[in-house]
Amino acid sequence: MEGSLLTTSLLLVLPAPNFPTGSDNVPAGMTNVKQPGGSLTAAVGDGKTDDTSAIQAIVKHVAGSTNNKVFFPRGEYLVSSDIAISGSVELHGTQSGIAVIKASIPYAIEIQNASPVKRVSLKNLYLDGILVVFDGQTKGPSSTGDITIESCVFFSSASPTASNGQKRQLMLIELGNSRVYKNVFLRDLDAYGVASAFRSTLGKSVWVIDNVCGLELSKLEWLSSKVEPVSHWRDQKQKLEFLKTRYNLKSDQGYFKSCLYDQCDRKMKIAENIFNGSPNTGKHRDHAMYLKGFDNMEVKSNYVRGWPANPSGGIKVRNGKNLWLARNYVDDTGILLYSHRKRKACLHDGLKNVIVYGNHLVQRTRPGRRESSLSYYEPHSVGKDDNIKYSANVFEIIGFSNPTKYRCIWLTNGNPSQHHVYKDNVYHGTSTTVKLQARGGTPSYETRDIDQKIKDLYNYPVYKLDIPPY
């Protein structure tokens, strides 16, 4: 018993980790920004010294070489202007500690490509008020790609100005073969804005997978136990809690206008992301995901909540073709399919070959409304839609005695013959087919089942997590 008490006492007096201080073992083959060698100036990483020139010189020196990996030991690296990347380079932060690259003016300083680049990666970096931009349009069309953003944390410790506070945190434009993987995007009320934006990505795959957008930093137990890989998120939880204390961050870090903007992208996959927006913002929202002008896109197994059950919420799909929207969990907001006027050449004229399959929609605050359901809408009656299928979607209506009286699929206009609604769209916990609402006539349910290949392709559970409310 005495030994147990002694052990407990020792555990209680252990100091909290101080992730930005201490030493790190430099991985073999990497240039240490604090000890770069040769004539290069070392970065200090004390949060006070301006490290811009030192970091820029090191990145420029190694970019495109055979030894192109740069290591940031734990510390806080203050930068006062853009860090330009001109060749293949990997920027690695420490895994055991925290390496913060901090903008002197939040969301006014970029890590960006200065010329066409390929094979660039950012890993394990904490980006405080930094914009990350890789642009193959203005810096060399079709020649920028193979970009990896992995296990980074985007946040802001200072209040931004009115002019830059709503900027994106990550932008990828006209590139291919890229990955955005296991990152955390945080945004409080003073830095309300957009997490990531993709535009005109090429006909090579761009994957956005396993990211977390928006958190309640005082309630993170689920992050270390509910999300795979558990070991990664358990370590990240501890660092995020430290980050909150060190930078005096507000607990609510989910103030996003949108988590993901897509415009005129080809061959993208958006999967197993957590879009956890704040329900507390009174500012204009513009959808958890806004997908516009896509061609060949798969959006599957995402968790979406914190957006309102109105026209500014949910997942918005507009003017594109070849979309698979499957096995997403959408909590108290909608899936909104739209056809607008074709105002850009890259926009499809309406919707074509869209599969909406196996999603789970929860309705709490506005049951039976178009905006909180699965709906299609043509505000200008101009879309030329072709082959839109709705199958195996489940609608859970909470807190109402007779859920089956509410309409769940809305087809407000357009050509009903191109909208195929199958009888396997049901109320949660029942085999009862949901009610439809249509303008200009009631479409018939399909008498047959959806193609077996679609069932086989998405034969796994919806992406549902047990996350405590804000």
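This is a predicted model: local features need pLDDT of at least 70, side-chain atom pairs count only at pLDDT 80 or more; totals for chains, interfaces and linings use all residues.

**Stop 1**

Select residues 193–199, which is strand β17, and residues 256–263, which is strand β20. These two run parallel, and six bridges join them. Now pick out Ser-196: standing opposite, in β20, is Leu-260.

**Stop 2: the whole sheet**

Time to zoom out. How many strands form the open sheet? There are twelve, with parallel pairing, and the order is β5-β8-β11-β14-β17-β20-β23-β26-β29-β32-β35-β38. Colour β5 (83–85) and β38 (435–438) to see the edges. Each of those two has a single partner strand, so one side of each is left without a neighbour in the sheet. On average, neighbouring strands here are turned by 15° against each other, direction ignored.

**Stop 3: the nonpolar cores**

Next, show side chains and select Phe-134 and Leu-337. In the largest nonpolar core, which has 83 residues, these two touch the most other members. Helix α2 (residues 52–62) gives this core its largest share, five residues. There is also a second, separate core of 28 residues; to find it, select Ile-98, Leu-186, Val-227 and Leu-249, which are among its members.

Go back to Phe-134 and look around it. What is Phe-134 in contact with, leaving aside its neighbours within four places in sequence? Its contacts include Ile-85, Val-117, Leu-122, Ile-147, Met-171 and Leu-175, and Asn-113 is one of them too.

**Stop 4**

Switch to a backbone view and select Glu-228 and Pro-229. The peptide bond joining them is cis, with omega at about -10°. Pro-229 sits in the loop between β19 (212–213) and α3 (230–246).

Now jump to Asn-177, in the loop between β14 (168–173) and β15 (178–181). Asn-177 isn't a glycine, yet it has a positive phi of about 50°. Why does Asn-177 count as partly exposed? Because its relative accessibility is 34%, and partly exposed covers the range between under 20% (buried) and over 50% (exposed).

Asn-322 has a positive phi of about 60°, although it is not a glycine. With 23% relative accessibility, Asn-322 counts as partly exposed.

Conventions
Residues are numbered from 1 along each chain as its sequence is written. Side-chain values use heavy atoms; hydrogens and water are left out. Helices (H or I, at least four residues) and strands (E, at least two) are DSSP runs, numbered from the N terminus. Buried means under 20% relative accessible area, exposed over 50%, partly exposed in between (1.4 Å probe, protein chains only). Two strands pair if DSSP finds at least two bridges between them. Axes are lines fitted to C-alpha atoms, for helices over the stretch in contact, and angles run from 0 to 180 degrees between N-to-C directions. A nonpolar core is a set of buried Ala, Val, Leu, Ile, Met, Phe, Trp, Tyr and Cys residues joined through side-chain atoms within 4.5 Å. Contact means heavy atoms within 4.5 Å.
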